Amino acid sequence: NKLKLTNDTKGHVGCYKLLIEIDGILRENFELNGTVCRLGGDEFVVLIENVRELELIPRLAENCRKLIAQPIHAGPNILRVTTSIGIS
């Protein structure tokens, strides 16, 4: 997986800083609407409860994707990552 490549090229600290930054982006994006947790590796879950407007969820996911697509500062490195988002 590409997280392994990041770990191999940027080291454990660089990879960890990247995951911390992504976690921060998710928490900021969903702070009023959900709970964020990291399952492991490069997998995160966002739990959104009591949704009254279902059309809000795809908008939140797209906003999250756009935020993560921006260059991420992970220590001395500036990285770009891609996301895959599923909604169920």
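Two residues are taken to be in contact when their heavy atoms lie within 4.5 Å. By this criterion Gly41 touches Leu3 and Leu19, residues up to four places away in sequence not being counted. The model in which these contacts were computed is a predicted one.

The chain contains two helices and four strands. Read from the N terminus, the elements follow the order α-β-β-α-β-β. Along the principal axes, the C-alpha atoms occupy a box of roughly 45 × 20 × 20 Å. Of the 88 residues in the chain, 26% are buried. When contacts between residues at least 6 apart in sequence are considered, 43% of them link residues at least 24 apart.

Helix α1 covers residues 2-30 and has 29 residues. A straight helix would reach 42 Å at 1.5 Å a residue, whereas the end C-alpha atoms of α1 are only 25 Å apart. The helix has a kink of about 125 degrees, and the kink is centred on Gly11. Gly11 has a relative accessible area of 24% and is therefore partly exposed, since the buried class is limited to values under 20%. Thr6 also belongs to α1. Its relative accessibility is 17%, so Thr6 counts as buried.

The buried residues of α1 include Leu3, Thr6, Gly14 and Cys15. Further along the helix, Leu18, Leu19, Ile22, Asp23, Ile25, Leu26, Asn29 and Phe30 are buried as well. An α-helix has 3.6 residues a turn, so residues three or four places apart point the same way. The buried residues of α1 pack against the strands β1 (35-40), β2 (43-47), β3 (72-74) and β4 (77-79), and against helix α2 (56-69).

The axes of α1 and α2 are 10 Å apart, and the helices pack at an angle of about 145 degrees. The crossing of α1 past α2 is right-handed. On the α1 side, the contact involves Ile22, Ile25, Leu26, Asn29 and Phe30. These meet Leu60, Asn63, Cys64, Leu67 and Ile68 of α2. By class, the residues of this contact comprise eight nonpolar and two polar, with no charged residue. The α1 residues named here are also among those buried in that helix.

Gly41 lies in the loop between β1 and β2. With a relative accessibility of 35%, Gly41 counts as partly exposed. Its contacts with Leu3 and Leu19 involve two of the buried residues of α1. The C-alpha atom of Gly41 is separated by 14 Å from that of Gly11, 30 residues apart along the chain. Between Gly41 and Leu56, which are 15 residues apart in sequence, the C-alpha to C-alpha distance is 28 Å.

The loop between β2 and α2 contains Asn50. This residue is exposed, as its relative accessible area is 74%. The phi angle of Asn50 is near 55 degrees, a positive value in a residue other than glycine.

Pro76 is located in the loop between β3 and β4. Its relative accessible area of 79% places Pro76 among exposed residues. Pro76 and Glu53 are 23 residues apart along the chain, and 41 Å separates their C-alpha atoms.

Thr83 falls in the segment after β4. Thr83 is classed as partly exposed because its relative accessibility is 32%. With neighbours within four places in sequence left aside, Thr83 is in contact with Arg65 and Ile68. Ile68 is also one of the α2 residues that α1 meets. Thr83 and Arg59 are 24 residues apart in sequence, and their C-alpha atoms are 15 Å apart in space.

Key:
Residues are numbered from 1 along each chain as its sequence is written. This is a predicted model: local features need pLDDT of at least 70, side-chain atom pairs count only at pLDDT 80 or more; totals for chains, interfaces and linings use all residues. Side-chain values use heavy atoms; hydrogens and water are left out. The expected span of a helix is 1.5 Å times one less than its number of residues. The bend at a residue is the angle between axes fitted to the seven residues ending there and the seven starting there. Buried means under 20% relative accessible area, exposed over 50%, partly exposed in between (1.4 Å probe, protein chains only). Axes are lines fitted to C-alpha atoms, for helices over the stretch in contact, and angles run from 0 to 180 degrees between N-to-C directions. A crossing is left-handed if the near helix is turned anticlockwise from the far one by less than a right angle, and right-handed if clockwise. Ala, Val, Leu, Ile, Met, Phe, Trp, Tyr, Cys and Pro count as nonpolar, Asp, Glu, Lys and Arg as charged, and the others, Gly among them, as polar.
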